[in-house]
Amino acid sequence: MKECLKALLVVSFLLSCAGTGGKQGTADDGEDMEEATPTVSLTAEEKAEEEFEELISEEPMPVSAEELFDDFIFNFASNKRLQSERISFPLLVNSGTKVDTIQKEDWQTEHFFMHQGQYTLIFDSEAQMELVKSTAVSNAIVEKIFLDKSFVRQYLFSRASGRWMLTEIRNQTLPRNPNASFLEFYNTFVSDSAFQRESLCDEIDFVGPDPDDDFAQMEGVITPDFWDAFSPELPKRMIYNIVYGHQDADADKKIFVIRGISNGQEIEVTFIRRNGHWKLRKLVE
């Protein structure tokens, strides 16, 4: 992922150096207005993004990025040229009762979470989290989860002959997703403060930075009365997930991870299901 982080530093530099957008072109005095071709001005951010994409597209993807999907997806989302080469066109779009295809000339570059400062992951266990580092993973799914619309778009990737390829898009209603129970709970959890408080365990394990030592962590227990002082800001409406291999619809544990793209920060929030109800059990910052 080091190459991806370098790219992010480049775009940050471009954004900071970009000037204001140019003025829209107008016809000169005496020129027929119908013959004049106005130019469309770009904002400083749009110019910086365009320059960033051109710069990244010139760089070949590191061979090592083929080994880990985590590295590949950052290159795929950042590099417009690479993305077009790593899609099996015509791309199948399966919406259950309807199947369409997207031709190469109609494809719109998908940057996924690259325009955000962070992305999210959902795991069933600590062991499953280790799959992120496994070179044995040959199938992965990037999920774009629209909580407010109860809709999930899945991007299916597979690795064959050492090359990751996007092979299919699947559109599904949220209830059909293996994580449906947890996602429906999570949507209410982040939207309803009263429900959130009711969904806390009596004791919440906490691991976080020690305020007295920058290089150490402290461990303890939080009770619901002190949750507001420690609770992290959790994303709403739309989140992402990357499935490395398999999701267990019956799992009674979910580890919700918020991972910074360029700053290395990570938050883990663990939920457990007891008697059909999800509860927040642990927070690691």
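**Overview and questions**

The secondary structure of the protein comes to 8 helices and 12 strands; helices (H or I, at least four residues) and strands (E, at least two) are DSSP runs, numbered from the N terminus. This is a predicted model: local features need pLDDT of at least 70, side-chain atom pairs count only at pLDDT 80 or more, and totals for chains, interfaces and linings use all residues. Residues are numbered from 1 along each chain as its sequence is written, and side-chain values use heavy atoms, with hydrogens and water left out.

User: What pLDDT does the protein average?

Analyst: pLDDT is the predictor's confidence in each residue, from 0 to 100. Here 80% of the residues score at least 70. Over residues 2-39, however, the pLDDT is below 50. The average for the protein is 85.

User: Why should a stretch with low pLDDT be handled with care?

Analyst: Residues 2-39 have 40 contacts in the model beyond near neighbours in sequence. Contact means heavy atoms within 4.5 Å. Where pLDDT is low, the predicted coordinates should not be read in detail.

User: Which residue in β5 stands opposite Lys144?

Analyst: Strands of a sheet pair through backbone hydrogen bonds, either parallel or antiparallel. Strands β4 (residues 139-146) and β5 (residues 151-160) pair in the antiparallel sense, over 8 bridges. Opposite Lys144 is Arg153.

User: Is Ile169 buried or exposed?

Analyst: Ile169 sits in strand β6 (residues 163-173). Buried means under 20% relative accessible area, exposed over 50%, and partly exposed in between (1.4 Å probe, protein chains only). The relative accessible area of Ile169 is 5%, so this residue is buried.

User: How far apart in space are Ile169 and Asn94, C-alpha to C-alpha?

Analyst: In sequence, the two are 75 residues apart. Leaving aside neighbours within four places in sequence, Ile169 is in contact with residues including Asn94, Trp107 and Tyr155. The C-alpha to C-alpha distance between Ile169 and Asn94 is 6.2 Å.

User: Why is helix α3 described as largely enclosed?

Analyst: Helix α3 covers residues 69-78. Phe69, Asp70 and Ile73 are among its buried residues.

User: Which residue in β10 is the bridge partner of Thr120?

Analyst: In strand β3 (residues 118-123), 5 of the 6 residues are buried, so this strand is largely enclosed by the rest of the structure. β3 pairs with strand β10 (residues 253-260) in the antiparallel sense over 6 bridges. The bridge partner of Thr120 is Ile258.

User: What percentage of the 285 residues in the protein is buried?

Analyst: In soluble globular proteins, nonpolar side chains tend to be buried together. Ile242, for one, is in contact with Phe69, Ile73 and Phe113, among others, leaving aside neighbours within four places in sequence. Across the protein, the buried share is 41%.

Terms used: Two strands pair if DSSP finds at least two bridges between them.
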